[in-house]
Amino acid sequence: MSDLPLIQADRAVPPPAATTSTGGRGRRLRLLSRTDRVVIALMVLVPLLLVVGLVWLPATATVLLSGTDWDGIGPVSEIEWVGARNYADVVNIYPPFVPAVQNNLLWLAALFVVATPIGMFLAVLLDKEIRGSRFYQTALYLPVVLSLALIGFIWQLIYSRDQGLLNAVLGTSVDWYGDPDVNIWAVLFAAGWRHVGYIMLLYLAGLKGVDPSLREAAAVDGASETSTFFRVVFPVMRPINIIVLVVTVIESLRAFDLVWVINKGRNGLELLSALVTSNVVGEASRIGFGSALATIMLAVSLLFITVYLATVMREDKR
Amino acid sequence: MSRPRTQAEYLARLVPPSVAGLRRRSVLTGAAGGALLGTGLLAGCGDSDSGGSGSNTVSLGSNQSDPKPKDVIAKVVDGFKTSSGIEVGVNTVDHNTFQENINNYLQGKPDDVFMWFAGYRMRFFAARGLAGDLSDVWGKISGQSDAFKKASTGDDGKQYFVPSTYYPWAVFYRKSVWQQNGYQVPTTLDQLTALSAQMKKDGLTPIAFADKDGWPAMGTFDILNLRINGYQFHIDLMAGKESWTSDKVKKVFDTWRGLLPLHQPDALGRTWQEAAQSLQQKKSGMYLLGLFVGQQFNNDEQDDLDFFTFPEIDPAIGAKALDAPIDGYMLARRPKEEDNAKKLLEYVGNKAAADIVIKNDPSTLVANTEADTSGYTALQKKAAELVGSATEIAQFLDRDTRPDFASTVIIPALQQFIKEPADIDGLTNSIENQKKSIFTD
């Protein structure tokens, strides 16, 4: 019944609709002044150039170079293509590779299971406005302010086998940095020490932003402190939780400085990032081989990023 | 010197180059630049010094970033200015950064003259056309021994390097400790083992040992290899010509395994400074290291420090070869001021510059034999005699082979050996497989 008029209207409308739509588009363009258009163009172009120049080009070049045996000397035209040989070498004859992958996973697990929850717990405690909370806050956050190179040195003073604080206090002679079974845990402790402070601060900022009336309402309803946190505060903090999760994954993937400062990522402290650096940067210049390692690292990172993005996007749709 | 001289330099080395900032950057072409960006080495451009267009200047890239050696270089440069009237623009770069960045530096806009080491790496740069021929400069230099000239010669028989200073590796000990216990300098491996057993009884750690940084163990491997298989095998092995799975190499590791219980345990967590301090504190009996071990001793203890060369293992090989890394100067491939650069190189290779170094730096030895060595300490004199009597001089493992092989294969392998000395076959197989993939050309 309503079909006919509608069709008619539709048929009747197109010509003017077309003119209004083109006219509308033209008018909108004319609304922007020359300056606006330049600004918009720059705002699109500059980040685009930066992303292409600083992310995509190097990443592509790294993938391409991973198929060569370039040593960093001589023109690009002389680079020899070796196919997948670098990858075969990485997997088959490069002893530090497997420990590096294991250590990277261990790093992620340790930060995720131990350091992050402790950081969150400390944030909750500090949120209680206990006496001297500013002092604790500063003390816990201090390691984040220090550079990792400095952190490496501080822990060297503690962990040194012959002259370190730890062995002197405990009366032991454990080779904290030298024994490959022990040193990864010693380093994870130092990394966790720093990570706890970071997470604590992020989470504390989030907790301060939670509407106090929610807690009051929960208290009026007779909820215990624990269930208030888990049933009310934690769900409200979802954006912060995601940030904390992302920060933890990023921190464990880019873990590098500490092991590099300690022993350049050798002898039990192998990490993919350290292997890439020791092969590519510096005198060694095994650029092809190092690029293969970097490509593997890129693939691993992409895996995590894909999983994360997929999760976030799916949740946003709900 | 590639080893940290002071605690300050040691600390400076702890800072990774990505943090410290690469002070000299050079432009790489196209994708190469992009690739390096992706892996952390920022390729930028810009030289801090402008080479100068006048005809009485020359630029010198110095890796002597430590205050004392830096001061010595400044004095040498002053001496050159006085004698020739040529102004030298010294561009000092942190030692480690200089070394890490050498490939880009030489391919970019290097200084006319730069400081480097003798050995495989020098010959490598010469062969790749990244260094200037100095054969004519050598014609004007006197007082350099044949051994040093040989160490300055590239694969094509031309000279590319002017030696300045060097230091030997030897077994160091404290005279007072040895006198007190009546120890005698061992001349054979058996005597060394017996002496070590005695030291253990006396409550000393026989041989101080550290390998946290990866390179000190190379000294032990080198000297055992030189004593067991001789200098030529060392050179061929380092050049990738000999097999790491050969019985000769296995014998080196096997001998080392026998000596490991005499070494300080848990070496992989210890820095060479800590090991040297155990010698200084009279907790260890001896320590195989370079002459720079003296930095860990107080001024009043310097006279108590003495050394002997590592004892003979095979009488047919003898005990005359040793590691004595040589530092010196090289010419860039296309120097802006070639004439002035060659004058500077001539000056630093001759007696006048060597005299200035002796007067100002007691921790090293000068290469020029005509120099006035009356300013040497007793230890320096003895060290100079030791190197003078050496039949062959090796440059140290990481200077005698490809740097990628030394740093990405040998360091982890030697650390693996110290960790698990039992599996020599597996270790040598792994090294040989990786060597084949690196030494392809």
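This is a predicted model: local features need pLDDT of at least 70, side-chain atom pairs count only at pLDDT 80 or more; totals for chains, interfaces and linings use all residues.
# A helical chain and its partner

Chain A has 15 helices and 0 strands.

Chain A consists of 318 residues, 41% of which count as buried. Its exposed surface comes to about 18,000 Å², with carbon and sulfur atoms supplying 70% of that area. When contacts in chain A with a separation of 6 or more are considered, 66% of them are between residues 24 or more positions apart.

A:Thr228 lies in helix α11 of chain A, which covers residues 225-236. The relative accessibility of A:Thr228 is 11%, and the limit for a buried residue is under 20%, so A:Thr228 counts as buried. Leaving aside residues up to four places away in sequence, A:Thr228 touches A:Arg215, A:Ala218, A:Ala223 and A:Val233.

The contact between the chains comes next. Chain B contributes 51 residues to it and chain A contributes 47 residues. Together the two chains bury about 4,200 Å², and 55% of this lies on carbon and sulfur atoms. There are 2 salt bridges across the interface of chain B and chain A. One of them can be followed in the structure: A:Asp71 forms a salt bridge with B:Arg128, with 3.1 Å between the closest N and O atoms. Between chain B and chain A, 9 residue pairs are in polar contact, counting pairs with both residues at pLDDT 80 or more.

On the side of chain B that touches chain A, several helices each supply at least two residues; among them are α1 (7-14), α3 (30-38), α7 (120-127), α15 (272-280) and α21 (424-438). Helix α20(B) gives the most to this side, with 8 residues. Sorted by class, the side of chain B that touches chain A has 21 nonpolar, 20 polar and 10 charged residues.

How many of the residues of α7(B) are buried? The count is 6 of the 8, so α7(B) is largely enclosed by the rest of the structure. The buried residues are B:Tyr120, B:Arg121, B:Met122, B:Phe124, B:Phe125 and B:Ala126. Their cover includes the helices α6, α9 (146-151), α19 and α20 of chain B, along with the strands β3 (113-117) and β10 (326-331). Just after α7(B), B:Gly129 takes a positive phi of about 75°.

Most residues other than glycine have a negative phi.

B:Phe396 counts as buried because its relative accessibility is 0%.

How values were computed:
Residues are numbered from 1 along each chain as its sequence is written. Chains are lettered from A and ligands numbered from 1 in the order in which they are written. Side-chain values use heavy atoms; hydrogens and water are left out. Contact means heavy atoms within 4.5 Å. Buried area is the accessible area (1.4 Å probe) that two parts lose on being put together, summed over both. A salt bridge is a side-chain nitrogen of Lys or Arg within 4 Å of a carboxyl oxygen of Asp or Glu. A polar contact is a pair of N or O atoms within 3.5 Å; within protein, one must be able to donate a hydrogen and the other to accept it, and residues adjacent in sequence count only if both atoms are side-chain atoms. Helices (H or I, at least four residues) and strands (E, at least two) are DSSP runs, numbered from the N terminus. Ala, Val, Leu, Ile, Met, Phe, Trp, Tyr, Cys and Pro count as nonpolar, Asp, Glu, Lys and Arg as charged, and the others, Gly among them, as polar. Buried means under 20% relative accessible area, exposed over 50%, partly exposed in between (1.4 Å probe, protein chains only). Accessible areas come from the Shrake-Rupley method with a 1.4 Å probe; for residues, only the protein chains shown count as cover.
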